[in-house]
Amino acid sequence: MMETLRGIKNLVPIEDYSLYFFILVISLIAFLILIAFLYIVKYLRKPKMIQARNSAWHYLNHIDFDDAKIAAYGITQCARFFVTQENKAIFEQLIQALEVYKYKPEIPAFKESDKALLSEFLGKSHV
């Protein structure tokens, strides 16, 4: 019987790259989904930052100085949105001046010099 099978050769191994191709396709799809997710997060986050910045600007321009402690905390919280290299020194002066109104049970009324410093800071800030 073996003599009749002389013309038949053994099986030849064939390289199969389908697993590598599958992993490549899945990796590419995962990468594209990650990029899309990052852009969506960036798109959704940007309006919130703009809205918070606009809200802070409105607060700083229409602040109520009757309660000096709340005004000092509000100015400190909202002014940080507008700090640049140009107005950083004024911001630091403003924060130092506002320390008088914080952390104490009895506080004085808001000084005109502090209001002027806030106005100067707002004048050099860009919306």
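A crossing of two helices is left-handed if the near helix is turned anticlockwise from the far one by less than a right angle, and right-handed if clockwise. The structure described here is a predicted model, and the crossing of its helices α2 and α3 is left-handed.

**The helix pair**

Helix α2 covers residues 68-79 and helix α3 covers residues 88-98. Their axes come within 10 Å and cross at roughly 155 degrees. Since angles over 145 degrees count as roughly antiparallel, α2 is roughly antiparallel to α3. On the side of α2, the contact is made by Ala72, Ile75, Thr76 and Ala79. These residues meet Phe91, Leu94, Ile95 and Leu98 of α3. By class, the contact of α2 with α3 comprises seven nonpolar residues and one polar residue, with no charged residues.

**The salt bridge**

The structure holds one salt bridge. It joins the side chains of Glu112 and Lys115, with an N to O distance of 3.4 Å. Both residues belong to helix α4, which spans residues 112-124. Because Glu112 and Lys115 are three residues apart in this helix, about one helical turn separates them. The two partners are listed below with their accessibility.

| Residue | Relative accessible area | Class |
|---|---|---|
| Glu112 | 58% | exposed |
| Lys115 | 24% | partly exposed |

Glu112 counts as exposed because its relative accessible area of 58% lies over the 50% cut-off. Lys115, at 24%, is partly exposed, as the value falls between the 20% and 50% limits.

Notes:
Residues are numbered from 1 along each chain as its sequence is written. This is a predicted model: local features need pLDDT of at least 70, side-chain atom pairs count only at pLDDT 80 or more; totals for chains, interfaces and linings use all residues. Side-chain values use heavy atoms; hydrogens and water are left out. Axes are lines fitted to C-alpha atoms, for helices over the stretch in contact, and angles run from 0 to 180 degrees between N-to-C directions. Helices (H or I, at least four residues) and strands (E, at least two) are DSSP runs, numbered from the N terminus. Angles under 35 degrees count as roughly parallel, over 145 as roughly antiparallel, 65 to 115 as roughly perpendicular and the rest as oblique. Contact means heavy atoms within 4.5 Å. Ala, Val, Leu, Ile, Met, Phe, Trp, Tyr, Cys and Pro count as nonpolar, Asp, Glu, Lys and Arg as charged, and the others, Gly among them, as polar. A salt bridge is a side-chain nitrogen of Lys or Arg within 4 Å of a carboxyl oxygen of Asp or Glu. Buried means under 20% relative accessible area, exposed over 50%, partly exposed in between (1.4 Å probe, protein chains only).
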